[in-house]
Amino acid sequence: MAKPVLLTVDDDAEVLRAVERDLRREYGNRFRVLRANSGESALDALRQLKLRNDPVALLLVDQRMPRMSGVEFIERANAIYPEAKRALLTAYADTEAAIGAINKARVDYYLMKPWDPPEENFYPVLNDLLDDWLASFRPPFEGIRVLGHRWSPQALEIKSFLAGNHVPYQWLDVETNDEAGRMLEGSPGRRLPLVVFPDGEQLEAPDASQMARKIGLRTRADQQFYDLIIVGGGPAGLAAAVYGASEGLRTVMVERQAPGGQAGTSSRIENYLGFPSGLSGADLARRAVTQARRFGVETLAAEAVGLRCQDSYRFVQLADGSELSGHVILIASGVAWRKLDVPGADRLAGAGVYYGAAMTEAISCRDEDVFVVGGANSAGQAAMHLSKYARQVTMLARAPDLAATMSRYLIDQIAAMPNITVRCRSNVVEAHGETHLEAISVADAETRETLPTKSLFIFIGAQPHTDWLEGKLERDEHGFILSGPDLLRDGRKPRGWTIERDPFLLETSVPGVFVAGDVRRGSVKRVASSVGEGAIAVQFMHQYLSKL
Ligand SMILES: Cc1cc2nc3c(=O)[nH]c(=O)nc-3n(C[C@H](O)[C@H](O)[C@H](O)COP(=O)(O)OP(=O)(O)OC[C@H]3O[C@@H](n4cnc5c(N)ncnc54)[C@H](O)[C@@H]3O)c2cc1C
């Protein structure tokens, strides 16, 4: 494969040479550095590269150029190489324009001239951008292939598992893909979905633990005993892992699907502090996992199914029958989408009725008409993401308008998309189809109509992942876990509470078992608040451990 290209554009020959020199010095061994002295010639170069199918990783462009400014060039280049990272080179006087461009042209970064010394002012930013690009870059395909039916719920699970764990895969629909037909020829009895690995091994309809073992995720604990056991690798669990391990706690994190949790399924998180042009959930998860690993956190691909206490020891039971033991547990198991309770929805789940699967399934909806149910930010993000593939996206929301439930920036983005329609005061009342979704019935106060569609994406409120804790921890009537002051009724401590003091903030009805994030009663359902709670919980764990 040809080396990916770094393209720099500047009309000032001296600056252009200097940028090229600095790029070659640092990246020349891994990337091909090309230069152009105008927006027009750079666009020509990009068109040529596209014809040859050469990857382009970075566009580094001077803002102030005659005829075509840097922002104008980037806007046009987006149409040719939308996945390339985009950075503007600006003079101090152009800072305003550069900040404006972050939103307008989705510029990833702006760099001030002069950038000397490059080790401080140039390479760190570009390293970050290129790492991001490499993380989502798909070279000509040589990896895992998944063969199955588009409407298979198991195929959806496998795809979500691989995507969540950042393992590249190629999806081959056996009904439409000739290559899949050729691969299955001669072995008609194969159970689908079939996963074919680069080493030739094939797994028929594997479950998450088989997949985890095969792709090299750890499923068994390394140590006999931990200071901190975390259940759930979403933002709350990851934050606790980073803070706990960095503060000296031997930490293990158990995650049954993929680190990142719900946040990992978000196409674009725009409100997380420190990322002015937003970042994808997958990117956030990848960064957090790397950070946790750096501090020595052990991550297990496993499902927690039980909790047990004995004296001051705490145990988490795993689905494979093994058990983890430690001093302190954090429950950060988050929430799942509430199920749509209408005829047909249950039967067609995973076969056209999807709960939060917009990232994995979007590509299958190319040129189709799809529906999104829900009026909060998650539904809005999904609609925006789907609109890149589907012909028409219709959002169905119960409320009279979106203003009360969705952020303004998202409402504006949706309004600007010609292929998204919002229907308020509307409910899905039935899902139709035999083997997969074929139509939905939608009703408002006066009318009921049946609309053909193959995909319905549902984002309607949350159900906590706490069934496995029934009878162990106090929960509210919806299953959310009670903590801290919520546990005191008329000043009385919770039933079975064994020690003198009151529960700490974020401590559950069992001393030494803490809770953080969306699964906690009264939590603010946001990435930043989950991260905050995960970090705060660790402080109370230190207090708990100091008295053991
Ligand atoms: C599509 C979408 C878009 C969103 N966009 C934004 C946004 O832009 N900004 C924002 O602030 N918030 C956003 N949110 C909300 C945000 O993602 C959540 O508030 C946040 O992820 C909650 O973090 P958490 O760690 O508490 O739980 P979760 O993210 O739900 O993570 C819980 C993890 O625990 C694992 N788990 C559950 N049970 C078990 C078990 N028994 N054993 C092992 N593992 C288990 C799950 O697999 C999951 O990975 C969005 C949510 C969604 C779904």
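**Figure 1. Asp311 sits in the loop between β13 (304-310) and β14 (313-318).** Strands here, and helices too, are DSSP runs, numbered from the N terminus: a helix is H or I with at least four residues, and a strand is E with at least two. The model you're looking at is predicted, so local features need pLDDT of at least 70, side-chain atom pairs count only at pLDDT 80 or more, and totals for chains, interfaces and linings use all residues. Residues are numbered from 1 along each chain as its sequence is written, and side-chain values use heavy atoms, with hydrogens and water left out. Back to Asp311: its phi is near 50°, which is a positive value in a residue other than glycine. Is Asp311 buried or exposed? Asp311 counts as exposed because its relative accessible area is 67%. The cut-offs are: buried under 20% relative accessible area, exposed over 50%, and partly exposed in between, using a 1.4 Å probe and protein chains only.

**Figure 2. Asp367 has a positive phi as well, near 65°.** Look for Asp367 in the loop between α12 (358-361) and β18 (369-373). With a relative accessible area of 54%, Asp367 is exposed.

**Figure 3. Two prolines follow cis peptide bonds, starting with the one that joins Asp116 and Pro117 and going on to the one that joins Leu192 and Pro193.** For Asp116 and Pro117, omega is about -10°. Pro117 belongs to the loop between β5 (109-112) and α5 (118-121). For Leu192 and Pro193, omega is about -5°. Pro193 is part of the loop between α8 (178-184) and β8 (194-196).

**Figure 4. Backbone atoms of Arg256, Ala263 and Val527 come up to the ligand.** At Arg256, a polar backbone atom is 3.2 Å from a nitrogen atom of the ligand. At Ala263, a polar backbone atom is 3.3 Å from an oxygen atom of the ligand. Val527 also has a polar backbone atom, 2.9 Å from an oxygen atom of the ligand. On its own, the ligand has 1000 Å² of accessible area, and the protein covers 95% of that. Areas like this come from the Shrake-Rupley method with a 1.4 Å probe; for residues, only the protein chains shown count as cover.

**Figure 5. Val515 is part of strand β26 (residues 513-515).** How much relative accessible area does Val515 have? Its value is 0%, so Val515 is buried. Setting aside residues up to four places away in sequence, Val515 touches Leu330, Ile331, Ile481, Ser483, Leu506, Thr508 and Arg520. Touching, or contact, means heavy atoms within 4.5 Å. Gly484 is 31 residues from Val515 along the chain, and their C-alpha atoms are separated by 9.6 Å.

**Figure 6. Thr8 belongs to strand β1 (residues 5-9).** Thr8 is buried, since its relative accessible area is 1%. The Thr8 side chain reaches the backbone oxygen of Leu60 at 3.3 Å. Not counting residues up to four places away in sequence, Thr8 touches several others, including Leu16, Val19, Leu23 and Leu34.

**Figure 7. Arg30 sits in the loop between α1 (13-27) and β2 (32-36).** This arginine is partly exposed, with a relative accessible area of 41%. Apart from its neighbours within four places in sequence, Arg30 is in contact with Lys3, Pro4 and Leu134. The C-alpha atoms of Arg30 and Ile460 are separated by 45 Å, and the two residues are 430 apart along the chain.

Terms used
Polar contact = N/O pair within 3.5 Å; in protein donor to acceptor, adjacent residues only side chain to side chain.
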